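Hi,

Here is the structure I promised to pass on.

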2 protein chains.
Amino acid sequence: MVEFQQLTERQERILAMVVRSYIETGKPVGSKALVEEYGLDFSSATVRNDFAALGELGYVAQLHTSAGRIPTERGYRYFVQKLLGEFHLPLHERQMIRHQFHQARLELSQWMRLSAAILARTSGSASFVTAPQSRANRFKHLQLIATQGRLVLMVLVLFGGEVKQQMLTLAEPLSQHRLSTVADRLNAIFHEKDSDEIAARLSAGQFDTLESEVINLVLDSLRRADHRSISDIYRDGLVNILEDEGTRHAIRLLEERTLLASVLTEQEAQGGEGVQVVIGGDGRWEELKDCTMILSRYGVTESFSGTLAVVGPTRMPYDRNVAAVRYVADLMSSFVYDYFLQETADLPENTLYQIEVDNSDSIE
Amino acid sequence: MVEFQQLTERQERILAMVVRSYIETGKPVGSKALVEEYGLDFSSATVRNDFAALGELGYVAQLHTSAGRIPTERGYRYFVQKLLGEFHLPLHERQMIRHQFHQARLELSQWMRLSAAILARTSGSASFVTAPQSRANRFKHLQLIATQGRLVLMVLVLFGGEVKQQMLTLAEPLSQHRLSTVADRLNAIFHEKDSDEIAARLSAGQFDTLESEVINLVLDSLRRADHRSISDIYRDGLVNILEDEGTRHAIRLLEERTLLASVLTEQEAQGGEGVQVVIGGDGRWEELKDCTMILSRYGVTESFSGTLAVVGPTRMPYDRNVAAVRYVADLMSSFVYDYFLQETADLPENTLYQIEVDNSDSIE
DNA sequence: GTTAGCACTCAATATGTTTGAGTGCTAAGC
DNA sequence: GCTTAGCACTCAAACATATTGAGTGCTAAC
């Protein structure tokens, strides 16, 4: 977290006004206009002096010498970190959001899609939601379903509720009965095991060709799941950021999963708790140059969590959008916890579950 | 299909040259420039006369009286319908595409994602692929998996290889054993049944509360699947159409599934076989005003098929893009057929399987 | 039917002018 | 010593006015 030089109280007020006014109108704000608009008890000349000071410190800038001031990225950061009050979405909006969630089927993908839609709509920006992923995935249940001839559909259910499916081709056709027997045997052996344990037993124990093949597929899936590549992403509100030249190229980030993955990984590595605001890509990501990304992890930290975010122009309503991200993340966290994760409390390894639910906000 | 007035051979040549040149350069083409560029054996004045004729018939237009000609939508349509030769992607590109498909895991979602990526890359436009859907879905296999407490994960496999999953909350906790028994019983009763038959048996036969609840969920899923709402869409290459003002608003179409669904339904209703080219939205869809959508169904007609398409500016390389869409659609059709559908040949109702595979193209 | 010739058109570009919001600076005021 | 009124100065944006040149339509000759 960057340290900022101390500003006088008046300078802070002025900075906040510049930010708010610029966010609202999109036009550079001049000293005189500012005094008039907010009915200030000091003159425009005073404002000009403070402008000069703020400009010196890099919080505001002007497009050309005779233009009004606009906030710099640094200015936005100061604003977000120090001047942003506690803000909550209006009650009726929160109720509507909850309502929509309760309407939805009990399906993670539905919730994710819904979250993305809600974030996009309430923020007027783009949004994305990545599927929650476990750090250490565990085998729960395997099912082999005979399809035509030598083709078999394997359905693998992990602890955490994730379901993986994959086809495999056998050397020779087998009956559903035989397949079920194989599946049952493996289910008994590998229940609650993670990929390492399964790999160990595979090399130790004796399995026939079919069994080994299936186990290898299972291992594949588990490892892929462990590997934290982003498989499912739900996006929404791309239209919202189309018109703005500066924001448009952020779509590249949203579209290329590898790019998004690297950004999220890095951000996660250095980022703290709760809702985070990345302004102008923090100089690290070209794609986010004129954009702000407000993101939050959701789910259960360290064991089963995903990311959810709003992406829009630097010039966005921060209070509202931060509140929206926090609210939706909290809701998702509690849903994920309630419906997918309580079971894992049985596992010995994971003792601490840190649920990031801000009760003050999520109860009404 | 619209009837076009007959053009002289030279007029057709000129129209084709205007279209090709404009597609390449993006600039209105003048009579003199055309003669020089293509080394024509008639003069610019002759071209001007034909320009006038073509303009009269609405195939070309000019932005202002003293500007060169650009093709109208009508001009593009004539070009696509009559002047577009047989074109195939270069061998190495086809090989690369095949290679990528064979690299991918045997998973429908993988293939769809890959198709979208390939279409986007080879066309330089946006693309989308909708999941293939059955007209009449049939129950294949049901699995109930105990989760924490009263929560149960239901996994439903349909003929055609689709897998639906859904959570349900029981009135009281049940053991995995009990759940498996229930699942097995339902599997025996409902194997190969469609939603109507299941509904009939539900109202006729006697089922306990749990069974009824599960059956209702199954019915829900089946009906939703029957209902042809687009559930899964894979998009790619949105970045490609960002820069162009005219094309940009097509993103709205790609993003709003309901919108896309209505367009596809209508197009399907009136559209013919094979690859279809919709230019400028055919005056029916505002969102496609300055865009061209090249689309094709893939899969097995009338029983399990989806749509795949390229969306880009009207000014796009038609030959290449049509070839790309056809090639990918053919590949997908054969994959879907091989891996998901041969089993359904057992079903008595569906006798005719029309596979839209153009062998001349897909064998190398 | 085709072509050379020519006057005409008009977007694009460059150049000049005006306007006004906004600035920095200075000197006076609290 | 901070605040303020006053004033000359700046510069993008808006508007007006030439200049240019690719391209046209038309006509008369081939």
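A quick word on terms before the sheets: two strands count as paired if DSSP finds at least two bridges between them. The helices (H or I, at least four residues) and strands (E, at least two) are DSSP runs, numbered from the N terminus. Residues are numbered from 1 along each chain as its sequence is written, while chains are lettered from A and ligands numbered from 1 in the order in which they are written. Please keep in mind that this is a predicted model, in which local features need pLDDT of at least 70 and side-chain atom pairs count only at pLDDT 80 or more, whereas totals for chains, interfaces and linings use all residues.

The sheets

In chain B, three strands make an open sheet in the order S5-S6-S7, with antiparallel pairing. S5 and S7 of chain B are the edge strands, each pairing on one side only. From one strand to the next the twist averages 20°; angles here run from 0 to 180 degrees between N-to-C directions, and axes are lines fitted to C-alpha atoms, for helices over the stretch in contact. Seven bridges hold S5(B) and S6(B) together in the antiparallel sense, and B:Ala146 sits opposite B:Val152 in S6(B). Helix H7 of chain B (residues 176-190) packs on this sheet, touching S5 and S6 of chain B, and its direction makes about 170° with that of S5(B). By contact I mean that the C-beta atoms of two residues, placed from the backbone, lie within 7 Å.

Chain A also has an open sheet of three strands, with the order S5-S6-S7 and antiparallel pairing. Strands S5 (139-146) and S7 (163-169) of chain A stand at the edges with a single partner strand each, so one side of each has no neighbour in the sheet. The twist from one strand to the next averages 20°. S6(A), residues 151-158, runs antiparallel to S7(A) and is joined to it by seven bridges. Two pairs to look up are A:Val152 with A:Leu168 and A:Met154 with A:Gln166. S6(A) and S7(A) form a hairpin with four residues between them, and A:Gly160 in the turn has a positive phi of about 105°. Helix H7 of chain A (residues 176-190) lies across S5 and S6 of chain A, at about 170° to S5(A).

Where the chains meet

How many residues of chain B are in contact with chain A? There are 28 of them, in contact with 28 residues of chain A. On the chain B side, strand S5 (139-146), strand S6 (151-158), strand S7 (163-169) and helix H11 (250-255) each give two or more residues. S7(B) gives the most, with five residues. By class, that side has 14 nonpolar, eight polar and six charged residues. For the classes, Ala, Val, Leu, Ile, Met, Phe, Trp, Tyr, Cys and Pro count as nonpolar, Asp, Glu, Lys and Arg as charged, and the others, Gly among them, as polar.

A helix pair in chain B

The axes of helix H8 (residues 195-204) and helix H9 (residues 209-226) of chain B come within 9 Å and cross at roughly 155°. That makes H8(B) roughly antiparallel to H9(B). Residues in the contact include B:Ile198 and B:Leu202 of H8(B), and B:Ile215 and B:Leu219 of H9(B). The contact residues divide into seven nonpolar, two polar and two charged.

The DNA

H3(B) gives the largest share of the surface near DNA strand D, four residues. That surface has seven nonpolar, 10 polar and three charged residues.

Around DNA strand C there are 21 residues, with A:Gly30, B:Phe42, B:Thr46, B:His64 and B:Ser66 coming nearest. Here H3(A) gives the most to the surface, with four residues. The residues near DNA strand C divide into eight nonpolar, 10 polar and three charged.

Cheers

Terms used:
Angles under 35 degrees count as roughly parallel, over 145 as roughly antiparallel, 65 to 115 as roughly perpendicular and the rest as oblique. A residue is near a molecule or strand if its C-beta atom, placed from the backbone, lies within 6 Å of it.
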